[in-house]
Every structure is written in structure tokens, then in C-alpha cells.
Amino acid sequence: MSGVLGATASFVAKLALAPESPVPSAVDSFCRDSLMLQLGSPENHIPWLCPAITLVTRGVCLLCMVMLNVLMLSSFLDGMNESGSVVGTALSTAANFSSSAFYGILFFQENVPVSW
């Protein structure tokens with residue numbers, strides 16, 4: 001469980017911080033489209049509103065990453081207490097490795113060769 005939580009925390013951080021991430025650009029375009037519908041012309045827009053909303057979205061993603069890391073550490077320590085440090089670390093690493101590959105392939109269209 002801790003490996004999956006760790007990989008998910010990394011995934012959420014990449015969504016928040018990566019320049020090519022779809023989340024900030026989608027939030028920004030949704031904000032601009034909504035403002036255009038509400039206010040009509042571009043002259044009526046508040047210029048700092050959409051960048052501020054995008055920044056808040058990134059902040060929420062970073063808070064989620066921190067919370068996932070806290071849960072991951074708690075789960076990792078529980079796993080090490082139950083099954084020993086070697087087994088707990090090996091299982092966590094395997095789950096993290098697999099989950100990272102899954103997230104990369106599914107959400108970021110990364111090319112992952114079989115030898116990876």
C-alpha cells in the first residue's frame with residue numbers, strides 16, 4: 001500500500017508542477033471560458049483572477065501530495081513492523097515501481113520499454 005501511495009503522491013506532484021501538465025492548463029482555459037461567458041468582453045476581465053485560480057489549484061495538488069506522503073510513511077512503517085524491514089521495503093518498492101509505470105503509461109503517455 002505504501003508503494004502505491006508514494007507513486008500517487010509523485011503523480012499528483014507532477015500534475016501540479018510539470019510545465020506540460022494538463023491540470024493547470026485545463027483550469028486556466030476553463031477559467032477564461034467561464035469569465036468570457038459571465039463577463040462578455042475581454043476588457044471586463046480581471047487580469048489576475050485566472051492565474052490566481054491556477055496557482056490555488058497547484059497549491060491544492062501540493063497539499064494532496066503532502067497528505068499522500070504522510071499516509072505513505074504511516075503505511076510503510078506499519079508494514080515494516082508487521083513483516084520486517086526487508087520484506088516491507090521490497091514490497092513497497094515493487095508496488096511503487098509498478099504504480100509509477102502505470103501512471104506514466106496511462107496519464108503521461110510515456111514510452112516504457114519491457115526492459116524498464
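1. Which residues make up the largest nonpolar core? In this predicted model, where residues are numbered from 1 along each chain as its sequence is written, local features need pLDDT of at least 70 and side-chain atom pairs count only at pLDDT 80 or more, while totals for chains, interfaces and linings use all residues. Side-chain values use heavy atoms, with hydrogens and water left out. The largest nonpolar core has 12 residues in all, namely Leu5, Ala7, Ala9, Phe11, Val12, Leu15, Ala16, Cys61, Leu68, Met72, Tyr103 and Phe108. Such a core is a set of buried Ala, Val, Leu, Ile, Met, Phe, Trp, Tyr and Cys residues joined through side-chain atoms within 4.5 Å, and buried means under 20% relative accessible area, with exposed over 50% and partly exposed in between (1.4 Å probe, protein chains only).

2. Helices H1, H3 and H4 each supply at least two residues of this core, and its largest share, 7 residues, comes from H1. The helices cited here are DSSP runs (H or I, at least four residues; strands are E, at least two), numbered from the N terminus.

3. Helix H1 covers residues 2–17, and its end C-alpha atoms are 22 Å apart, which agrees with the 22 Å that its 16 residues should span at 1.5 Å a residue; the expected span is 1.5 Å times one less than the number of residues. H1 is mostly covered, since 12 of its 16 residues are buried, among them Ser2, Gly3, Thr8 and Ala13.

4. The axes of H1 and helix H4 (residues 85–108) come within 7 Å and cross at roughly 35 degrees, where axes are lines fitted to C-alpha atoms, for helices over the stretch in contact, and angles run from 0 to 180 degrees between N-to-C directions. The contact (heavy atoms within 4.5 Å) is made by residues including Gly3, Gly6 and Lys14 of H1 and Ser92, Ser100 and Phe107 of H4. By class, this contact has 8 nonpolar, 8 polar and 1 charged residues; here Ala, Val, Leu, Ile, Met, Phe, Trp, Tyr, Cys and Pro count as nonpolar, Asp, Glu, Lys and Arg as charged, and the others, Gly among them, as polar.

5. Two residues show this contact in detail. Valine 4, in helix H1, counts as partly exposed at 34% relative accessibility, and touches Ala95, Asn96 and Ser99, not counting residues up to four places away in sequence. Serine 99, in helix H4, is buried with a relative accessible area of 12%, and its contacts, leaving aside neighbours within four places in sequence, are Val4 and Ala7.

6. Leucine 15, a member of the core, touches Phe108 as well as Ser21, Pro22, Val23 and Pro24, not counting residues up to four places away in sequence.

7. Helix H3 (residues 49–83) has 35 residues that should span 51 Å at 1.5 Å a residue, and its end C-alpha atoms are 50 Å apart, which agrees. Its buried residues are Cys50, Thr54, Thr57, Cys61, Leu68, Met72 and Phe76. Just after H3, glycine 84 takes a positive phi of about 95 degrees.

8. Threonine 54, placed in H3, is buried with a relative accessible area of 10%. Leaving aside neighbours within four places in sequence, threonine 54 is in contact with Pro24, Val27 and Asp28. The C-alpha atoms of threonine 54 and aspartate 28 are separated by 5.9 Å, although these residues are 26 residues apart along the chain.
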